[in-house]
Amino acid sequence: MRKIYTFALVIAAVLASMPLYGQSKGKHPKWVDYTGTHEVDVSVGFPTAYALAYMADMNRGALWINNWAGDVLDIIYGNEPADRVNANAAGGDRFIPNLRAEYGYNVLSWLNVGVAVNYSGCSRPMEDMDSGQYLWTENTHLTTVTAKVKFYWLNRKWVRMYSSVGAGVGVCRTNLLSQDVADSETYVTTTRFTPDICLVGLTVGRNLYGRIEWGTLYGGLTAGIGYRF
């Protein structure tokens, strides 16, 4: 609930500034009105699933601490302690960068509403910390669909700048934090609320344009191309 409240406050702050966007047209004689046009673009950024895998490593470290006492007891009673695993086995990590397809409609000269689909994937071979033997591969696939609102605060013939907020649903399928080889064959699929926010976005071009964003939750720094019609 805390995440939802925080996201709601961000949206409220942006909406409170909407009158400033509306007034900009009168302040800048070079302001270009793109009302009624469509924007379709694709972009690529840092793989979000890869970041989730590293967060899982932190959780794994906590599990090692929690299981340490149990391992000691296993050794005392002659039982085989649980495997301690580590990422970056031979072969290394493989990932699919965050891929995004997005559509938006310019409702007003400064307001764009649309939807975005993101996908990223990651696979990490796991090894035994003591022997270095390969054990299994952890895989993560993350897909999100978000409704987005962009607020253009600079509109020129060739350059537009904006910030945006969004919210939607995400589906993650993974076998992260598997305990053994048998456990690694079981995948868990979870669905959750997925907010999004872009601090600064820039498009350069008229119909065909290049785009770069900074601060988005999906991809961090992303770049792509689009078409406006």
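1. A residue counts as buried when its relative accessible area is under 20%, as exposed when that area is over 50%, and as partly exposed in between. Asp180 has a relative accessible area of 35%, so Asp180 is partly exposed. The model discussed in this note is a predicted one.

2. The overall architecture should be read before the single residues. The protein contains four helices and nine strands. The protein has 229 residues, and 37% of them count as buried. Its exposed surface comes to about 12,600 Å², of which carbon and sulfur atoms supply 66%. Among contacts between residues at least 6 apart in sequence, 65% join residues that are at least 24 apart.

3. Where does Asp180 lie? Asp180 is found in the loop that runs between strand 6 (159-174) and helix 4 (181-184). Asp180 and Trp136 are 44 residues apart in sequence, while their C-alpha atoms are 8.1 Å apart in space.

4. Thr194 belongs to strand 7, which covers residues 188-205. Is Thr194 buried or exposed? Its relative accessible area is 5%, which is under the 20% limit, and Thr194 is therefore buried. A polar atom of the Thr194 side chain lies 3.2 Å from the backbone nitrogen of Val169. Val169 is also among the residues in contact with Thr194 when neighbours within four places in sequence are left aside. Thr144, Thr146, Ala167, Gly168, Gly170 and Tyr218 are included in that list too.

5. Arg211 is located in strand 8, residues 208-216. With a relative accessible area of 5%, Arg211 is buried. Which side chain makes a polar contact with the side chain of Arg211? The partner is Ser43, at 3.5 Å. Leaving out residues up to four places away in sequence, Arg211 touches a set of residues that includes Asp41, Ser43, Arg100 and Glu102. Also among them are Lys150, Tyr162, Leu202 and Thr203, together with Thr222, Ala223 and Gly224.

6. The aromatic rings deserve a separate point. How many aromatic pairs are counted? The count is two. One of these pairs is formed by Tyr227 and Phe229, whose ring centres lie 6.1 Å apart, with 20° between the planes. Rings pair if their centres lie within 6.5 Å, and planes under 30 degrees apart count as stacked, so the Tyr227 and Phe229 pair is stacked. Tyr227 is partly exposed, with a relative accessibility of 44%. Phe229 is likewise partly exposed, at 47%.

7. Two arginine residues are placed over ring faces. Arg160 lies over the face of Tyr152, 3.5 Å from the ring centre. Arg206 lies over the face of Trp158, at 5.8 Å from the ring centre.

8. How many disulfides does a search of the whole structure find? The search finds zero. Cys122 is buried, with a relative accessible area of 5%. Cys172 is buried as well, at 10%.

Definitions and conventions
Residues are numbered from 1 along each chain as its sequence is written. This is a predicted model: local features need pLDDT of at least 70, side-chain atom pairs count only at pLDDT 80 or more; totals for chains, interfaces and linings use all residues. Side-chain values use heavy atoms; hydrogens and water are left out. Rings of Phe, Tyr and Trp (its six-membered ring) pair if their centres lie within 6.5 Å; planes under 30 degrees apart count as stacked, over 60 as edge-to-face and the rest as tilted. Buried means under 20% relative accessible area, exposed over 50%, partly exposed in between (1.4 Å probe, protein chains only). A charge sits over a ring if NZ of Lys or CZ of Arg is within 6 Å of the ring centre and within 35 degrees of the ring normal. Helices (H or I, at least four residues) and strands (E, at least two) are DSSP runs, numbered from the N terminus. Contact means heavy atoms within 4.5 Å. Accessible areas come from the Shrake-Rupley method with a 1.4 Å probe; for residues, only the protein chains shown count as cover. A polar contact is a pair of N or O atoms within 3.5 Å; within protein, one must be able to donate a hydrogen and the other to accept it, and residues adjacent in sequence count only if both atoms are side-chain atoms. A disulfide is a pair of cysteine sulfur atoms within 2.5 Å.
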